[in-house]
Amino acid sequence: MTDVRQHATEIQEQFSDHLDVTVDDVASRLDSLVNEYKVPMEEARRSVVSHYLDEAGLERDEIRSGGGTEDAQLADIDTDEEWLNVTAKVVDLWEPRSDAVGQVGLLGDESGTIKFTKWAKSDLPELEEGKVYSLGNVVTDEYQGNYSVKLNRTTTVEELDQEMEVGDDSEEVEGALVDIQSGSGLIKRCPHEDCTRVLQNGRCSEHGEVEGEFDLRIKGVVDDGVDVHEVIFDEEATEELTGISLDEAKQMAMDALDTTVVADEMREKTLGHYYRVAGPTMGRYLLVDEMETLSGPVDVEEALIKARSI
């Protein structure tokens, strides 16, 4: 029961400002799932947290996952669901695509840039383009290797009377595409609002078994002759690279009764050809937002041996 009690204490602390719930209440729910129904602890914990989120009328990114809030530079953000303080300039504002989103755009600091989302129900002040803010209690999110931050009801916003030079975190790579990794082609993502996790065997790591929505992506390796670079093409970049649209990919998979045919077709069309790709780098990946076809093909097998050694 010690492990259950520890998890129960952490969950109770997460909701202490929102619900009148005791450690004993939480421990009882966890104990029932883990010991009576044999649910793995991590899945049981997610289930109990989801229950209290519904009871409190909160979103998951409005509660802490534990630990303190640290100051961070935007280029150093490489962890999902982490609570941070950032000082950044509003570089650009975009038109929200959902009524649930109050503002969406690009933040920047000396290290680079990152996307931000401010929820409509957060009751936070409007951010103005070109101004610098101290933002406390933002929570990180990840999509296709691309990290962003969310501003919610717990976030603090303070406008600063200062200028800030925004750094450039983009990179350009020129070389041969020598590998398309697993998890590429026609994939399915969790359909829950603002959850973009790729499903594994029909399951989202956050929301369990779900129907899923189709998407296209390529996780590839580009060899520039000296080093190999891992790159990610989103749906738009994947269609530009391969000439295969999402609808065409779904039809191919339906005809073959197999989604892997899509990635196979993409490999045939692209491997061994030279490309110039550019975009921001997040962790180990370059996220392609610009590309140009150069020439090809090259000896893929020889380059692939090198690529797989990374």
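## Helix α4 and its two sides

In this predicted model, the exposed residues Glu-236 and Glu-240 sit on the face of helix α4 that is turned away from its buried side. The helix spans residues 235-242, and its buried residues are Ala-237, Thr-238, Leu-241 and Thr-242. Viewed down the axis of α4, these buried residues fall within an arc of 115°, so they line one face of the helix. An α-helix has 3.6 residues a turn, so residues three or four places apart point the same way.

## The ends of α4

At the N-terminal end, α4 is capped by Asp-234. A side-chain oxygen of Asp-234 lies 3.3 Å from the backbone nitrogen of Glu-236. Just after the helix comes Gly-243, which takes a positive phi of about 80°.

Gly-243 is 26 residues from Lys-269 in sequence, while their C-alpha atoms are 8.9 Å apart in space. Lys-269 belongs to helix α6, residues 260-270. Leaving aside residues up to four places away in sequence, Lys-269 touches Thr-242, Ile-244 and Tyr-275. With a relative accessible area of 40%, Lys-269 is partly exposed.

## Nonpolar cores

The largest nonpolar core has 23 residues, and the members that touch the most others are Phe-233, Val-277 and Val-288. At least two residues of this core come from each of several elements, including α4, α5 (246-256), α6, β13 (228-233) and β14 (274-282). A second, separate core holds 19 residues, among them Leu-30, Val-34, Val-48 and Leu-58. In soluble globular proteins, nonpolar side chains tend to be buried together.

## Aromatic rings

The count of aromatic pairs comes to one. Its members are Phe-15 and Tyr-52, whose ring centres are 5.6 Å apart; their planes stand at 50°, so the pair is tilted. Phe-15 lies in helix α1 (residues 2-15) and Tyr-52 in helix α3 (residues 41-56), so the pair ties together parts that are 37 residues apart in sequence. Both Phe-15 and Tyr-52 are buried.

Another ring, that of Phe-214, has Lys-188 over its face. Lys-188 is placed at 4.8 Å from the centre of that ring.

Terms used: Residues numbered from 1 in each chain as written. Predicted model: local features only at pLDDT ≥ 70, side-chain atom pairs only at ≥ 80, totals over all residues. Heavy atoms only, no water. Helix = DSSP H or I, 4+ residues; strand = E, 2+ residues; numbered from the N terminus. Buried < 20%, exposed > 50% of the residue type's maximum accessible area, 1.4 Å probe, protein only. Contact = heavy atoms within 4.5 Å. Arc of directions from axis to C-beta. Polar contact = N/O pair within 3.5 Å; in protein donor to acceptor, adjacent residues only side chain to side chain. Core = buried A, V, L, I, M, F, W, Y, C linked by side-chain atoms within 4.5 Å. Phe/Tyr/Trp six-rings, centres within 6.5 Å; stacked < 30°, edge-to-face > 60°. Lys NZ or Arg CZ within 6 Å of the ring centre and 35° of its normal.
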